[in-house]
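These are my notebook entries on a structure that I am reading for the first time. I go from the whole chain to single residues.

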Amino acid sequence: TPPNPEIVQVTDEIVTPFPWSAESLAKLGASVHWFGHPLCELIAAEPDQDRKHIAILPGSRLHELQYNLPVLAECSRKFDLPFCIAVASSLNADDVASKWRAAGGSENVTFDTRSPYAVLKGAVAGLVCSGTATLEAVLCGCPQVVVYRGSKWMEIEYKIRRPKFQFFSLPNILAEREMVPELLQWDANVDRISYELQQILPGGA
């Protein structure tokens, strides 16, 4: 989406993490500075790890946890590998664990409150809620399936807006092609998630 020309009239200086954004704003006459994305430096500072588990990043908001965690928990029972859930700082680890167990998730699981980069760098693959975490997974070298489920209202909005956009996950939007599989709403069911995860696991394990 091109920037709103009015932004030039109400700002003195603009800082953007995206080069294409800087170019568009400069054409509008803005005084714009591109400094790159801070995620690159933050992730580079996280030590590499042996990749042993499947990472789950179910989201950082309560409604994301409500809609995403149950289907991810059900999916986990289909795999023998250990799981590691990155618990966002906005959530309570005990609450996440309780919801996971109530949904019948794999018992071979840990709940990690460290930086999500540590969880992603130790993962052979990930199930990731759409948002910044999808970009973090790419930068951590973690193959992923992007998942997002929401309320019935979201489903209605998706049906209205879907013809207007091709992708909804950051890696695919930025690359303008399908870098990672993305499953939204009714497509984010146990069978589809399990199938896509199977495809990206080493050796299809």
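The entries below record what I looked up, in order.

**Entry 1: basis.** I note that this is a predicted model, in which local features need pLDDT of at least 70 and side-chain atom pairs count only at pLDDT 80 or more, while totals for chains, interfaces and linings use all residues. Residues are numbered from 1 along each chain as its sequence is written, and side-chain values use heavy atoms, with hydrogens and water left out.

**Entry 2: the whole chain.** I found 10 helices and 8 strands in the chain; these are DSSP runs numbered from the N terminus (helices: H or I, at least four residues; strands: E, at least two). Along the principal axes, the C-alpha atoms fill a box of roughly 55 × 40 × 35 Å.

I recorded that 43% of the 205 residues count as buried (under 20% relative accessible area; exposed is over 50% and partly exposed in between, with a 1.4 Å probe and protein chains only). Among the contacts (heavy atoms within 4.5 Å) with a separation of 6 or more, 65% join residues 24 or more positions apart.

**Entry 3: helix H7.** I turned to H7, which spans residues 132-139 and has Ala133, Thr134, Leu135, Glu136 and Ala137 as its buried residues. Their cover includes helices H3, H6 and H9 and strands S3, S6 and S7. After H7 comes Gly141, with a positive phi near 70 degrees.

**Entry 4: Gln144.** Is Gln144 buried or exposed? I found Gln144 to be buried, because its relative accessible area is 2%. Gln144 belongs to strand S7. A polar atom of its side chain lies 2.8 Å from the backbone oxygen of Thr134. Beyond its neighbours within four places in sequence, Gln144 is in contact with residues including Gly126, Val128, Thr134, Ala137 and Ile200.

**Entry 5: Pro70.** Pro70 is partly exposed, since its relative accessible area is 39%. Not counting residues up to four places away in sequence, Pro70 touches Leu65 and Ala103. Glu136 is 66 residues away from Pro70 along the chain, and their C-alpha atoms are separated by 23 Å.

Methods:
A polar contact is a pair of N or O atoms within 3.5 Å; within protein, one must be able to donate a hydrogen and the other to accept it, and residues adjacent in sequence count only if both atoms are side-chain atoms.
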